[in-house]
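Hi,

Here is the structure I promised to pass on. Have a look at it first, and then read my notes below.

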Amino acid sequence: MARYTGPTSKIARRFNEPIFGPSKALNKKAYPPGQHGRGRRKKQSEYAVQLMEKQKVKYMYGMLEKQFENLFHKAAALPGITGDNLLALLEARLDNAVYRLGIASTRRAARQLVGHKHITVNGEVVNIPSYHLRAGDVVGVREKSKSLEAIATSLSVRNSRQFSWLEWDGKEMAGKFINAPARELIPEKITEQLIVELYSK
């Protein structure tokens with residue numbers, strides 16, 4: 001299955017959460033999309049709840065099914081709590097760091113910037129959105145891309161988004177990935193234990 005590129009409001013309504021950012025659609029239509037969206041909701045099974053949580057996080061970070069599964073198994077192999085490890089690995093993705101730093105307004109836009117070779121890591125152009133950042137890596141904007149309107153517009157409002165595991169240098173238009181964040185620092189509403197239980201079946 002290819003990566004979803006349809007209306008983000010439709011997905012946000014499915015999970016009843018603004019997983020792609022603020023959404024007017026959630027206020028106007030506070031029910032799932034589709035002809036049965038307004039109908040009575042059946043009580044969901046345990047499996048359905050776990051699956052919905054996994055799908056929500058997958059859409060949130062813009063990943064394909066196999067990519068997400070592979071990342072989960074990588075998290076499970078690391079020492080510590082699997083759920084915390086999974087979120088730490090997700091936050092260490094290059095496209096996510098570009099979004100968190102404010103270089104892009106959404107993760108989808110960040111993935112596009114990376115894919116179009118506008119982003120560098122330690123001075124070298126990297127066009128792989130899933131590139132895994134390590135502590136101390138510096139994520140920057142390619143010199144030729146610093147005048148892009150989309151980047152300038154996003155950076156103009158970045159002051160409202162500050163994250164303790166990232167350091168931003170506005171003069172250089174670059175940010176340092178200090179380390180993977182602790183679970184309590186990640187602001188998204190995610191119940192990672194449900195994902196762990198789903199893959200543990």
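Let me start in the sheet: isoleucine 119 stands opposite valine 141 in E3. Helices (H or I, at least four residues) and strands (E, at least two) are DSSP runs, numbered from the N terminus.

Before going on, a word on what you're looking at. This is a predicted model, so to speak of a local feature I need pLDDT of at least 70, side-chain atom pairs count only at pLDDT 80 or more, and totals for chains, interfaces and linings use all residues. Residues are numbered from 1 along each chain as its sequence is written, and side-chain values use heavy atoms, with hydrogens and water left out.

**The sheet**

Five strands make up an open sheet, ordered E2-E1-E3-E5-E4, with antiparallel pairing. Its edge strands are E2 (124-125) and E4, each of which pairs on one side only. Further in, E3 (residues 138-141) pairs with E5 (residues 174-177) in the antiparallel sense over three bridges, and there glycine 140 stands opposite alanine 174. E5 also pairs with E4 (residues 166-169), again in the antiparallel sense, over four bridges. In that pairing leucine 166 is opposite phenylalanine 177. The hairpin of E4 and E5 has four residues between the strands, and methionine 173 takes a positive phi near 55° in it.

**The chain as a whole**

Nine helices and five strands account for the secondary structure. Following the sequence, you get the pattern α-α-α-α-α-α-α-β-β-β-α-β-β-α. The chain has 201 residues, of which 44% count as buried; buried means under 20% relative accessible area, exposed over 50%, and partly exposed in between (1.4 Å probe, protein chains only). A contact means heavy atoms within 4.5 Å. Take the contacts between residues at least 6 apart in sequence: 57% of them join residues at least 24 apart. The chain exposes about 11500 Å², with carbon and sulfur atoms supplying 52% of it (areas come from the Shrake-Rupley method with a 1.4 Å probe, and for residues only the protein chains shown count as cover).

**An enclosed helix**

Which helix is largely enclosed by the rest of the structure? Helix H5 (residues 82-91) is, because nine of its 10 residues are buried. Among those buried residues are Thr82, Gly83, Leu86 and Glu91. Their cover includes H3, H4 (65-77), H6 (94-100), H7 (107-115), E5 and H9 (192-199).

Leaving aside residues up to four places away in sequence, asparagine 85 touches Ala75, Leu78, Pro79 and Gly80.

**A buried lysine**

Lysine 56 lies in helix H3 (residues 46-60). Is it buried or exposed? Lysine 56 is buried, because its relative accessible area is 3%. A polar atom of its side chain lies 2.8 Å from the backbone oxygen of lysine 189.

**Rings and charges**

How many aromatic pairs does a search of the whole structure find? It finds three. In one, the ring centres of phenylalanine 163 and tryptophan 165 are 5.1 Å apart and the planes are at 45°, so the pair is tilted. For the terms: rings of Phe, Tyr and Trp (its six-membered ring) pair if their centres lie within 6.5 Å, and planes under 30 degrees apart count as stacked, over 60 as edge-to-face and the rest as tilted. Phenylalanine 163 counts as buried at 16% relative accessibility, and tryptophan 165 counts as buried at 2%. Elsewhere, ring pairs link Phe68, Phe72 and Tyr199 into a cluster.

The charged end of arginine 107 sits over the ring of tyrosine 61, 4.3 Å from its centre, and that of lysine 58 sits over the ring of tyrosine 59, 5.8 Å from its centre. To count, NZ of Lys or CZ of Arg must be within 6 Å of the ring centre and within 35 degrees of the ring normal.

Cheers

Conventions
Two strands pair if DSSP finds at least two bridges between them. A polar contact is a pair of N or O atoms within 3.5 Å; within protein, one must be able to donate a hydrogen and the other to accept it, and residues adjacent in sequence count only if both atoms are side-chain atoms.
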